[in-house]
Amino acid sequence: MSNWQGQTYKADCLSPKETWDIFDSTKVKAFQECPRRFFYNYVLGWSKEEGNIHLDFGGAFHEGMEVIVKALKSGRPHDDILAEACIAFDRFFDRVYPNEALHSDFSPKDPKHAYMAYETYLEHYIDEDITCLHTELPGVVAVSPDHHIHFKMDGVGEAGDGHPSYHGVVALEHKTGSRNSLVWREGWHLALQPTVYTHALNCLYGIENVDYVVINGVFLYKDKIGLERVPVKKNLEQMREWIWEIQHTFHVIDHNMEALTQADTGEPFLRCFPKNTGACTDWGRICPYADFCMAGKNPLHFADEPPYGFHEKHWNPQKEHENAKETLVVEEGKAEIVVSGVQADNG
Ligand code: SF4
C-alpha cells in the first residue's frame, strides 16, 4: 500500500498531499531517525522559516562542481575551468543571497571559500583517470512493487586503467563540511544514500562493472581546504540484506500512514508516528520540533496551520526530474536512461 494521497482522513486538519507517496533517501532516513519528526517535517510539511546556509551553500557548491566533473580529462586549461566553476557558484548563491556585503557573515560557507575549494580540488583531481558519463543525474529506483526511492547522483564516471584506486564505474557524491572526523568517514559505509546509488548503478551497468560510490568530501577551514574521499562498496549479500531492510522500513511507514487515516483530533495523543526521544539532540542540535513534543499534546490539536516561526513546504524530489536532460529509471531490477522522455539505453 502506498497511495496515501487518495485516502480519506478522520481528522479534518489533514489534507493529503501528493508528496506523501514520494520518497528520497533523506526522507526515509528521517523516518528511521524519528517517526514523529518525519510526521512534522514531511506529513504536515512544517519547517523553520529561516533560510539554511548549509543547504544553500551546498546547492551553489554543486553547480561549480558539475563544471569541474564535466571537465575531467578534457585538457581544458585549469584557469578556464576554475573561472566557469566560480561563475556557476555565484549564479546560484547571489540569487539566494543578493546582498554581497553580507556574504562574509556566512564564512566559511561563503564565495571566497568556495573559490578556494574549487582551486584546491582542481589541483588535486583534474588529471585523474575518470571519464565523466553523467552529472546531476536524477532517477527513481523501485525497491518493492509498491515503493520507489528518488535520487540525484552528482556524478557518474568510468575509471580508466591508469587510475590507482578505482576500476570500472564509480559515482561521485559531493559533500561539504567544516570538520573531517572518524565519525564522518565511517558513517558513510552504512548510510542509505550510497546504497540507493549502488542499487541503481548495479541495475544499469551490472554489479560486476560497478566499483565504488565515492563520497567526495570538501572541508572548508578558515585559511585552507581539506579533501577526503570515502569509497563505499557493497557486495551482493549486502545488497540483498539492504533490500529486505528497506522493504521493512516502508512496511512500517505504511503501517503508520494507515493508522493516521483513523487518527482523531479528539484523542489525547497521536497513535502513530511514535517519538524516538533518543534523536532529540542529534548532531549536537535541539530538534526543531522539541517544543511540540515537550507540550505533550496530540499534534492534531494544533495541526490546522504551522505555528509561529514555521512555514508549510512539501519537498518533492520528483520535481528534480522535470527539467533534467536525462533520468535513470529502475523498475523490477531493469534500468534505463530516459533522455528528455526518450528511452536511450538499457541495462
Ligand atoms: S523532539 Fe525528539 S521525539 Fe520529538 S520529533 Fe524531535 S527527535 Fe522526535
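Two strands are taken to pair if DSSP finds at least two bridges between them. Strands (E, at least two residues) and helices (H or I, at least four) are DSSP runs, numbered from the N terminus. The model is predicted: local features need pLDDT of at least 70, side-chain atom pairs count only at pLDDT 80 or more, and totals for chains, interfaces and linings use all residues. Residue numbers start from 1 along each chain as its sequence is written.

Strand E3 (residues 147–159) pairs with two strands. With E2 (residues 130–144) the sense is antiparallel, over 12 bridges. E2 and E3 form a hairpin with 2 residues between them. With E4 (residues 168–177) E3 again pairs in the antiparallel sense, over 5 bridges. Val156 of E3 stands opposite His134. In E4, its bridge partner is Ala171. Of the 13 residues of E3, 11 are buried (20 or more other C-beta atoms within 10 Å of their own, C-beta atoms being placed from the backbone), so E3 is largely enclosed by the rest of the structure.

The largest nonpolar core holds 79 residues. Such a core is a set of buried Ala, Val, Leu, Ile, Met, Phe, Trp, Tyr and Cys residues joined through C-beta atoms within 7 Å. Ala171 and Val141 are among the members that touch the most others. Beyond four places in sequence, Val141 is in contact (C-beta atoms, placed from the backbone, within 7 Å) with residues including His148, Ile149, Phe151 and Val330.

Around the ligand lie residues including Cys34, Cys280, Cys287 and Cys293 (C-beta atom, placed from the backbone, within 6 Å of it). Helices H2 (35–43) and H9 (290–295) each supply at least two residues of this shell.

Methods: A residue is buried if 20 or more other C-beta atoms lie within 10 Å of its own, exposed if 12 or fewer, and partly exposed in between; C-beta atoms are placed from the backbone. Two residues are in contact if their C-beta atoms, placed from the backbone, lie within 7 Å.
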